[in-house]
Amino acid sequence: MTDIILQGIYGRMGRTLAEKIAARSDCRVVAGVDREAGQVGAIPVYTDFAQLPCRGVIIDFSAPAGAVAAARYGAENGLPCVICSTGLTAEQEAELKAAGARTAIFRSANMSLGVNVLIELARRATRVLGGEFDIEIVEKHHRNKLDAPSGTALMIADAINEEAGGRYEYVYDRTQVRQQRGAQELGISAVRGGGIVGEHEVLFCGPEEVLTLQHSAGSRGVFADGAVQAALFLAGQAPGYYTMSDLLRGRLSCV
């Protein structure tokens, strides 16, 4: 049985996670951390990690500052951390990686298994088509999402660019420049509206054909499921910085 501590338990993702985990027999939520002390059902909630009377794998669905606080506490006390928050700066991401020297840190801006398979397929398509096809990424999210483009869109772009040897320049806005699309551009567009949970589309545009890779999340449950899988994977792992590639390696080896 894997014990889990949820940071951001009052939020939509935190409550979804609590419900998902309650239906499982291989893990349980032993505590929450959020802005106010209280209870979520039978789960005690604390305002600070230092108040925790228990240990477990931390799953963070909070905010950038909270993600860093979780990683610091995990590093200081030997607790593995699954960091799911988005919008972190380069410096904050570097701090998460540094924490991996002292405890197991799992980092992904998108916990959906399907999205991460899409990223791997985008890598492979770039390997075959890159240089001959123009590449565009379109992401769509609900009207309340703060960061744009999404962390997932940037994950996809970075995976493509890494596969292409770093030759692409990210272009977010073409309204101010009247010129033909450059061969080394990788366009990223963001749509915000309504209650869209999350949609990502990668277009490989050739002279006479278009290949589209697309993922659509039907509910926040897909992110919760992925976070639980990450926590179970991380339990017992040696200190290090882990990503979805580590979790999916065995599953994708036959693709």
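Arg 35 touches Tyr 10 and Thr 47, leaving aside residues up to four places away in sequence; contact here means heavy atoms within 4.5 Å. This is a predicted model, in which local features need pLDDT of at least 70 and side-chain atom pairs count only at pLDDT 80 or more, while totals for chains, interfaces and linings use all residues. Residues are numbered from 1 along each chain as its sequence is written, and side-chain values use heavy atoms, with hydrogens and water left out.

**Arg 35**

- The UniProt annotation "binding site", from an unreviewed entry, covers Arg 35; UniProt positions follow the numbering used here, feature names are shortened, and annotations may be inferred rather than shown by experiment.
- You will find Arg 35 in the loop between β2 (27-33) and β3 (38-40); strands (E, at least two residues) are DSSP runs numbered from the N terminus.
- Arg 35 is exposed because its relative accessible area is 61%, and exposed means over 50%, buried under 20% and partly exposed in between (1.4 Å probe, protein chains only).
- The side chains of Arg 35 and Asp 34 are joined by a polar contact of 3.3 Å; such a contact is a pair of N or O atoms within 3.5 Å, where within protein one must be able to donate a hydrogen and the other to accept it, and residues adjacent in sequence count only if both atoms are side-chain atoms.

**Asp 3**

- Asp 3 sits in strand β1 (residues 2-7) and counts as partly exposed, at 22% relative accessibility.
- Beyond residues up to four places away in sequence, Asp 3 touches Arg 28, Val 30, Arg 55, Gly 56 and Val 57.
- With Arg 28, the Asp 3 side chain makes a side-chain polar contact of 2.5 Å.

Note on methods. Helix = DSSP H or I, 4+ residues; strand = E, 2+ residues; numbered from the N terminus.
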